[in-house]
Protein chains: 2
Amino acid sequence: MSYIDIPDEVREVFKLWRPTPLVRARRLEKALGTPARIYYKYEGTSPAGSHKPNTAVPQAYFNKVEGVKKLTTETGAGQWGSALAFATCLLDMECEVWQVRASYDAKPYRKTIMQTWGATLHPSPSPLTASGRAILEKDPTSPGSLGMAISEAVEVAAADPNARYALGSVLNHVLLHQTIIGEEALLQLAKIGEKPDVVVACTGGGSNFGGLTFPILREKMAGKMNPVIRAVEPAACPSLTKGKYCYDYGDTAGLTPLVKMHTLGHNFVPDPIHAGGLRYHGMAPLVSHIYELGLIEAISIPQKECFDAAIAFARTEGIVPAPEPTHALAAAVREALLCKETGESKCILTALCGHGHFDMASYEKYLSGEMQDLEYPEEKVAAALKDLPVVE
Amino acid sequence: MSYIDIPDEVREVFKLWRPTPLVRARRLEKALGTPARIYYKYEGTSPAGSHKPNTAVPQAYFNKVEGVKKLTTETGAGQWGSALAFATCLLDMECEVWQVRASYDAKPYRKTIMQTWGATLHPSPSPLTASGRAILEKDPTSPGSLGMAISEAVEVAAADPNARYALGSVLNHVLLHQTIIGEEALLQLAKIGEKPDVVVACTGGGSNFGGLTFPILREKMAGKMNPVIRAVEPAACPSLTKGKYCYDYGDTAGLTPLVKMHTLGHNFVPDPIHAGGLRYHGMAPLVSHIYELGLIEAISIPQKECFDAAIAFARTEGIVPAPEPTHALAAAVREALLCKETGESKCILTALCGHGHFDMASYEKYLSGEMQDLEYPEEKVAAALKDLPVVE
């Protein structure tokens, strides 16, 4: 096994919040009455509030070393845009972010925190790019999507020799950067003599899931532990459990290279669930690959069950989770309640990949009883899958 | 010197985020070009996002031991209400919060996070109490104030044998609880062989200031170090630097015991500066006392200079500060720039008592150029001081 050293300049920034805590959720265990031991690795201690800076900082650093002056990107929920704004700011680079219009309007504070770190923000679709203009011509009130915003950010970077595009998930190098989560968790578990029996992590593009589970999968394949590893996705956007495994574009306009992955079709626009960070049509090729090999399991959970778990967690453990990791918490609660039935004292490991400080509008919807579950949109997916590229 | 042991039940909760990090602000030092060494103790890692849980948790715990079922309180910016909602939730108690109307309307997300932890919220002044009704009769659109909200929370607790009122600052026991900040900082500084030359901390009611500086003052009085200790308050609400040192009420209605402190008058309603947590007419009696003895210095700073420092800090250190500690940061920057002139390499210590995730509207005002400095309201204070209670 070989490692790539983390550059000193990246470590200097990571010092601010890494290593992140691995916490045993004793009060949640007690409230559930489960004999299971639940551990969560908490990534919300980063200044941007999620695991995303784990890849934003090295991406900014390696680009800077190559002489790049500016990074462009997209953001949906705002976690990734915030992370890249934070990273480029600390490394004295420029940052230009296309934020999905629906999120740009609904979450003005996400916009402001990115601007606080000096980033330039645009709602997407925007009139600044050919792909944005094409979408606006068809639908001037388009709420946007991650796929559209990627097209715009890629287009601008491609035309500017001093700029590069940075992606916050899906790709191999992103998942590599995120394995710091799982590597730290393994060291922390070893310190207290624990080995996980079940590992659950939410997955949108796959970086949080891959980051936590790949190092654990390595240990499993080496015969050192034998946990079940389970990906959890939203019922309304279930690329792993319902998507097709084939070549597709990473963006709406088809500007990216083709990627072999589980996809709901690059033209699929997911319904506006609260976990904006999981609203992506595709899945990391590495995660897709190991799912096809049967090395991991996958399930999907509707959002109300996720927020049930979020409230139970906040009221016992104290931390208010972002909507994305509530999927992992709901899966952990399911497993813990199963242990209660069987009497098994399993060790459950999960990743709490961000806090919900910028997602309180979602909690308000839940607490007021207005939150609805969104069904799997079978017809929309079927229509989008018709537009898959033909690969010969 | 004698210590009071922290109960195990309180430690169990503190474990989630304590000890908090002491960080050297190397990137800020470099940006300022100062030979000074700047350290900040960061309290924003608590789930409620500030230093307030340091006293909320022990207050809830000791009340619970005495059989109290419910705590009532007021909140302005929302930091204290959030902290008490968090603490009571984890200790299975009820919590009822009167939030200053202006803040209740302007910061809906603060309300939601308190509700997420199970607290009951009311805007203040409210029709639920005699003091609230009296204020509403005079002014049905009153924006409220901390003093008014205290009156309401005290009134409700006084009438309910199962309830007690909890205050988040000012009083001796609160400052005692907060000394965990300074005690930890001393241990952390000793580890790296540092002794502070200058300690700056923001002060509203005095709990953050007392928490950081009292243990350091003890060391100074024992001759073990010799730092200048400086309180920093907002120019628009300068109780230490402009207030009268005399007996006054802690609340607007005059329900609390009389307290000897620096006060701008219990009827003084501070202008709506962004640092809502510093909008209080009085000052902790212990802080007032040592200021009168000449053991500490005090200055006041207008809010635009504070946000200048906040942006400089966020863009170098990465953390976005709450508006309250931006006062301490501005004072630290002043001191660091003085060192640049004199060439002195002083050790500057400050407390970053909370993050600004719920204060992005203030950053938006600053970044858009709309933020105004508010002058010291001399006439309003003179009028309020006429209503001081007569003590014989």
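## Aromatic residues

In this predicted model, Phe14(A) counts as buried because its relative accessibility of 7% falls under the 20% limit. Trp17(A), with a relative accessible area of 5%, is likewise buried. The rings of Phe14(A) and Trp17(A) form an edge-to-face aromatic pair, with 5.5 Å from centre to centre and 65 degrees between the planes. Both residues also belong to a cluster in which ring pairs link Phe14(A), Trp17(A), Phe86(A) and Trp117(A).

A stacked arrangement is found in chain B, where Phe307(B) and Tyr366(B) form an aromatic pair at 5.9 Å centre to centre, with 25 degrees between the planes. Phe307(B) lies in helix H13 (residues 303–317) of chain B and Tyr366(B) in helix H15 (residues 360–367) of chain B, so this pair ties together parts that are 59 residues apart in sequence. Phe307(B) is buried, its relative accessible area being 1%. Over all chains, the count comes to 15 aromatic pairs.

## A parallel sheet in chain A

In chain A, 4 strands form an open sheet with parallel pairing, and their order is S5-S4-S3-S6. The edges are taken by strand S5 (120–124) and strand S6 (163–165) of chain A, each of which pairs on one side only. On average, and with direction ignored, neighbouring strands of this sheet are turned by 25 degrees against each other.

Strand S3 (residues 70–75) and strand S4 (residues 94–100) of chain A pair in the parallel sense over 6 bridges; Thr73(A), for instance, has Val97(A) in S4(A) as its bridge partner. Helix H8 (residues 146–158) of chain A packs on the sheet and touches S3, S4, S5 and S6 of chain A, while its direction makes about 165 degrees with that of S3(A).

## The annotated domain

For residues 15–354 of chain A, an unreviewed UniProt entry lists "domain: Tryptophan synthase beta chain-like PALP". The end C-alpha atoms of residues 15–354 of chain A lie 18 Å apart, and the span is 43% helix and 19% strand.

## Relation between the chains

Chain B is superposed on chain A by a rotation of 180 degrees with 0.0 Å of shift along the axis, the RMSD being 0.0 Å. The two copies are therefore related as by a two-fold rotation axis. The same surface serves both copies, since 100% of the contact residues of chain B recur in chain A.

Note on methods
Residues are numbered from 1 along each chain as its sequence is written. Chains are lettered from A and ligands numbered from 1 in the order in which they are written. This is a predicted model: local features need pLDDT of at least 70, side-chain atom pairs count only at pLDDT 80 or more; totals for chains, interfaces and linings use all residues. Side-chain values use heavy atoms; hydrogens and water are left out. Two strands pair if DSSP finds at least two bridges between them. Helices (H or I, at least four residues) and strands (E, at least two) are DSSP runs, numbered from the N terminus. Axes are lines fitted to C-alpha atoms, for helices over the stretch in contact, and angles run from 0 to 180 degrees between N-to-C directions. Contact means heavy atoms within 4.5 Å. Copies are superposed by least squares on the C-alpha atoms of residues with pLDDT of at least 70 in both. UniProt positions are given in the numbering used here, feature names are shortened, and annotations may be inferred rather than shown by experiment. Rings of Phe, Tyr and Trp (its six-membered ring) pair if their centres lie within 6.5 Å; planes under 30 degrees apart count as stacked, over 60 as edge-to-face and the rest as tilted. Buried means under 20% relative accessible area, exposed over 50%, partly exposed in between (1.4 Å probe, protein chains only).
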